[in-house]
Protein chains: 2
Amino acid sequence: MTAQFDVTGIGNAIVDVLTHVEDAFLAEHGLVKGAMRLIDGEQAESLYKQMPPGVECSGGSAGNTMAGVASLGARGAYVGKVAQDQLGDVFAHDMRSGGIHFETAPSKSGTPTARCLVLVTGDAQRTMNTYLGACVELGPEDIDEDVIRQSKVTYMEGYLWDPPGAKEAFLKAARIAHEAGRKVSLSLSDGFCVDRHRAEFLDLVEHHVDILFANEAEITSLYQVGFEEAAALVRGKCEYAALTRSEKGAVILANGDSYNVPAEKVAQVVDTTGAGDLYASGFLAGYTQGRSPAECGRLGAICAAEVISHYGARPETSLSALVQELMG
Amino acid sequence: MTAQFDVTGIGNAIVDVLTHVEDAFLAEHGLVKGAMRLIDGEQAESLYKQMPPGVECSGGSAGNTMAGVASLGARGAYVGKVAQDQLGDVFAHDMRSGGIHFETAPSKSGTPTARCLVLVTGDAQRTMNTYLGACVELGPEDIDEDVIRQSKVTYMEGYLWDPPGAKEAFLKAARIAHEAGRKVSLSLSDGFCVDRHRAEFLDLVEHHVDILFANEAEITSLYQVGFEEAAALVRGKCEYAALTRSEKGAVILANGDSYNVPAEKVAQVVDTTGAGDLYASGFLAGYTQGRSPAECGRLGAICAAEVISHYGARPETSLSALVQELMG
């Protein structure tokens, strides 16, 4: 059956509030650099008050991935819960105007659209503080069976394990995808997120995931061993596992083979927000085009390099034109 | 009397929605490149729907100027009308967290915070579509006499002549400032804005303004003659007139003298949004420190160069550190 979509992403629909801070700001607020932590509405308000002026951009891990997929010219859909408010309108606009099918019913409960307060330090690291807002209302009823059946790959972020109903949505989507002979992909999202949900993630990787994305912190957190050992443990569990290691490149395990793909050169790393998300965009776009594992890895590396070369987590240039230029 | 504030800015409080478009997009929508046009709520919604994904940043001409004043380490206050909504919260946060005194009561009428849809083309030009929203509710009752009396300079954007009540606010503030022995400054904002309000602007320049900012399009529109002739006509009308000409630098007329100040070098012009606003930041910060006209012009040029070297209309780096580096 031909598919209407290459990739459908399911994730927490979040608007990022990006700002530059000194390392001292993180220390003052007891924040762990490079990590994502969950905060409630009051904490969000209090932290925001103390933050320097910012810039707002649509974000969310799978949302960023889908923006990348669209920029690569692939066909995408997205499932995520915003509220009927200004930031929800912004999020929906940025999805739809990018060419992504996005029809999840917005929340009417009065809980606002989710926000992530992203603190970027001078070393280009980002520290994320997420208020999940309306995302906690995402549930299995938000999964459109037709869309999942019509997608070559259904891609989900590990962060979906944080709100209560989203994991049900995830499992429902995975079941529908597999019943339709489609692929299921997961990003482990964040080392601390893996800590919170290790047992369930181990089960997911073992039984539900065809294409796994994890960085070094995440895969070592999953198996609680060093990188080489973790790579050996995940081998064979999924059809593909893309294990990314920042400037050291990525190891791609594919049907028993292993490929080392170097990182793409970047003149200046400005803000690492979205690196993993955009890696997944490139890899999945390549996968759905039937490219080789090494080519998928190269595509991932190119997209990640673009997004870390500027401020913000979504591409600022046409990724399809960039790929055309670099890979012909 | 010592002043509590160096500069108080009065303007339309606007959140910018920035996006990259091709020249064809402007042509399709009949937009004049480089200009600001006013649109209503319906037009804003319709244009937004057709725009590519964007980024939201606090904007507004005088708002941008005040962000620059604060970044230069000068003390500022701002008067402008937002609504009690998410974009209004963003605007207020960005002002206050930048160190600006901002206590204008927000609108509760249900009219949303103003938005400017900024379309940036490949040549770094910006084309602006402004929905004034809650700004139309700014009036003389929003002028805090104490703040104006306590400000060395009260700075206003010509765009205030577009909403109905704001000009009353402007004239009230100008009267209070002069009664307190303070200075009044005006930016002519935009050539088409000058077209809309020429007679009133001519009167303002003649009778109310001590420090005038205008680019080439604006000053030639004001007097409907060429640049040299316009410069001759404005000479002597105000204490200072800073006439900016993009990469050709600026002519500063000061108490009968004239200074040519070259533009600051920019490695790559990315987005000209905010160039004039930030020029005013530098000039006014210098003026309130008692610097010479040529030094004020240099400060203006440095700040303008910073803001056109990146996407968006507010500084991305500490302007005081930048000035320290370049001027010692």
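The legends below accompany several close-up views of a predicted model.

**View 1. The contact between chain A and chain B.**
In this predicted model, 20 residues of chain A are in contact with 20 residues of chain B. On the side of chain A that touches chain B, strand E4 (55-58) and helix H4 (86-97) of chain A each supply at least two residues, and H4(A) gives the most, with six residues. Sorted by class, that side of chain A has nine nonpolar, seven polar and four charged residues.

**View 2. The rotation that relates the two chains.**
Two copies of a chain are related by a rotation about an axis and a shift along it. Here, a rotation of 180 degrees with 0.0 Å of shift along its axis superposes chain A on chain B, with an RMSD of 0.0 Å, and that is the relation of a two-fold axis. Of the residues of chain A, A:Glu56 comes closest to the rotation axis, its C-alpha lying at 2.4 Å. The same surface serves both copies, since 100% of the contact residues of chain A recur in chain B.

Strands of a sheet pair through backbone hydrogen bonds, either parallel or antiparallel. Ten strands form an open sheet with mixed pairing, and their order is E3(A)-E8(A)-E7(A)-E2(A)-E4(A)-E4(B)-E2(B)-E7(B)-E8(B)-E3(B). The edge strands are strand E3 (36-39) of chain A and strand E3 (36-39) of chain B, each of which pairs on one side only, and the twist from one strand to the next averages 25 degrees. Between the chains, E4(A) pairs with strand E4 (residues 55-58) of chain B in the antiparallel sense over two bridges, and A:Cys57 has B:Val55 in E4(B) as its bridge partner.

**View 4**

**View 3. A strand of chain B that is covered on both faces.**
In a regular strand the side chains alternate between the two faces of the sheet. Strand E5 (residues 76-79) of chain B is covered on both faces, with B:Gly76 and B:Tyr78 buried on one side and B:Ala77 and B:Val79 buried on the other. Strand E1 (residues 5-10) of chain B pairs with E5(B) in the parallel sense over four bridges, and the bridge partner of B:Val7 in E5(B) is B:Gly76. E5(B) also pairs in the parallel sense with strand E6 (residues 101-102) of chain B, over two bridges, and here B:Ala77 has B:His101 in E6(B) as its bridge partner.

**View 4. A buried helix of chain B.**
Eleven of the eleven residues of helix H3 (residues 61-71) of chain B are buried, so this helix is largely enclosed by the rest of the structure. Among the buried residues of H3(B) are B:Asn64, B:Met66 and B:Val69. H3(B) is followed by B:Gly73, whose phi is positive, near 90 degrees.

**View 5. Two crossing helices of chain A.**
Two packed helices are described by the angle between their axes and the distance between the axes. The axes of helix H9 (residues 216-223) and helix H10 (residues 227-234) of chain A come within 9 Å and cross at roughly 70 degrees; H9(A) and H10(A) are therefore roughly perpendicular to each other. The residues that meet include A:Ile219, A:Leu222 and A:Tyr223 in H9(A) and A:Phe227, A:Ala230 and A:Leu233 in H10(A). By class, the residues of this contact divide into seven nonpolar, one polar and two charged.

**View 6. Two partly exposed residues of chain A.**
A:Arg175 lies in helix H6 (residues 166-179) of chain A, and with 15 C-beta neighbours inside 10 Å this residue counts as partly exposed. A:Arg175 and A:Asp162 are 13 residues apart in sequence and 20 Å apart in space, from C-alpha to C-alpha. A:Ser292 is found in the loop between helix H11 (275-288) and helix H12 (293-308) of chain A, and with 13 C-beta neighbours inside 10 Å A:Ser292 counts as partly exposed. A:Ser292 and A:Ala254 are 38 residues apart along the chain, and their C-alpha atoms are separated by 9.6 Å.

How values were computed: Residues are numbered from 1 along each chain as its sequence is written. Chains are lettered from A and ligands numbered from 1 in the order in which they are written. This is a predicted model: local features need pLDDT of at least 70, side-chain atom pairs count only at pLDDT 80 or more; totals for chains, interfaces and linings use all residues. Two residues are in contact if their C-beta atoms, placed from the backbone, lie within 7 Å. Ala, Val, Leu, Ile, Met, Phe, Trp, Tyr, Cys and Pro count as nonpolar, Asp, Glu, Lys and Arg as charged, and the others, Gly among them, as polar. Two strands pair if DSSP finds at least two bridges between them. Copies are superposed by least squares on the C-alpha atoms of residues with pLDDT of at least 70 in both. Axes are lines fitted to C-alpha atoms, for helices over the stretch in contact, and angles run from 0 to 180 degrees between N-to-C directions. Angles under 35 degrees count as roughly parallel, over 145 as roughly antiparallel, 65 to 115 as roughly perpendicular and the rest as oblique. A residue is buried if 20 or more other C-beta atoms lie within 10 Å of its own, exposed if 12 or fewer, and partly exposed in between; C-beta atoms are placed from the backbone.
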